[in-house]
Amino acid sequence: MEKEIIYAHEHITIDLSGVKKDKDCFLNNKNQTIEEFKDLKSRGVSTIIDVTNRGMGRNTEYVLEVMSETGLNILQATGYYKEPFLPEEVYRISEKEMAKILIDEILYGIDGTSTKAEVIGEVGTSLNKVEEMELKVFEAASRAHIETGKPIITHTTLGKLGLEQIEIFNKFNVDLSKVTLSHIDLSGDLEYMIRLLDTGVNIAFDTIGKNNYQPDEDRVNWLKELCNRGYSNQIVLSMDITRKSHFRDNGGLGYSYLIDSFLPRLYEKEISNKHIENMLVNNIKNIYNLK
């Protein structure tokens, strides 16, 4: 691949350790991040979409330092995650007040910095039900999208409830070509993936290497089938590294697994370069209006 690769769903920092009661879920190993990102840059990665938002341990200055040290372009997010990780303000303020906070972070900057949010996300739903506060977040995200045109990235728990998320967006006339539903590879359901794609939304295979959820062999087979059916311009790829133990030096797969191990399997399946460039480069450029 000659074009610059883009990782569609990552967290430069994230802290879910309090709720999960697991220190592994506090991603604050800056030096390891910088080393792995320098490695990614050398392999052709240009941009990373960072979807850590309000209440998830977002740290704008930290991200700026990683950018400075690595030369990577990192796009930062606004929004709220899902139950039980929502900050107290979500319960206290109205949906319209929440939307204003998101809009302000897009138009003026995050956390008192001049860094403007380029994406609304990741906004999420629970496993079998859209909780009341999650619905409120989705409505605020929809309003912020309509006001600013910024893309939305969602979280689906184990890939579920994508159709329900789309239903909320449709009520606000959200542009589904600017929406990416995350973790859809975890659904393990090809026909469901096709139903989602037929709405015009984008889907992410962004838990690559997490074989304890779904084997990569299946991910490759689903991608082959979806590409054959003409959907490669609506699929994006990433690793979604969220734990210290995911880093290479700590015994994990590391960020480069996507390029070193997963990409060759796509070529082995005879998925064409055009399809792979769509999933790793062109689609994100179109969603984010990147040059």
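In the predicted model, Lys21 is located in the loop that runs between helix 1 (17-20) and strand 3 (26-27). The backbone of Lys21 has a phi near 55°, which is a positive value in a residue other than glycine.

The peptide bond leading from Glu83 to Pro84 is cis, with omega near 0°, and Pro84 belongs to the loop between strand 6 (77-78) and helix 4 (89-92). Gly121 and Glu122 are likewise joined by a cis peptide bond, for which omega is about -15°, and in this case Glu122 is part of strand 7, which comprises residues 119-125.

The packing of helices was examined for two pairs. Helix 7 (residues 162-171) packs with helix 8 (residues 190-197) at an angle of about 10°, the axes of the two helices being 10 Å apart. Because angles under 35 degrees count as roughly parallel, helix 7 and helix 8 are therefore described as roughly parallel to each other. On the side of helix 7 the contact is made by Gly162, Leu163 and Ile166, and on the side of helix 8 by Tyr192, Arg195 and Leu196. When grouped by class, the residues in this contact of helix 7 with helix 8 comprise four nonpolar, one polar and one charged.

The second pair consists of helix 10 (residues 257-268) and helix 11 (residues 273-288), whose axes come within 11 Å and cross at roughly 145°. The crossing of helix 10 and helix 11 is right-handed. Within this contact, Leu258, Leu263, Leu266 and Tyr267 of helix 10 meet Asn273, Ile276, Met279 and Leu280 of helix 11. The contact of helix 10 with helix 11 is made up of seven nonpolar residues and one polar residue, with no charged residues.

Empty space in the model was considered next. Rolling a probe the size of a water molecule over the atoms shows where empty space is left. The largest pocket has a volume of about 640 Å³. This largest pocket is lined by 34 residues, of which Lys20, Lys210, Tyr213, Asp240 and Thr242 are the closest to its centre. Divided by class, the lining of the largest pocket contains 13 nonpolar, 15 polar and six charged residues.

Technical notes: Residues numbered from 1 in each chain as written. Predicted model: local features only at pLDDT ≥ 70, side-chain atom pairs only at ≥ 80, totals over all residues. Heavy atoms only, no water. Axes fitted to C-alpha atoms, helices over the stretch in contact; angles between N-to-C directions. Helix = DSSP H or I, 4+ residues; strand = E, 2+ residues; numbered from the N terminus. Parallel < 35°, antiparallel > 145°, perpendicular 65-115°, else oblique. Contact = heavy atoms within 4.5 Å. Nonpolar A, V, L, I, M, F, W, Y, C, P; charged D, E, K, R; others polar. Left-handed = near helix turned anticlockwise from the far one by under 90°. 1 Å grid on protein atoms, 1.4 Å probe; cavity = no way out; pocket = protein on both sides within 12 Å on 5 of 7 lines; lining within 4 Å. Points joined across faces, edges and corners; volume = space filled by probe spheres on them.
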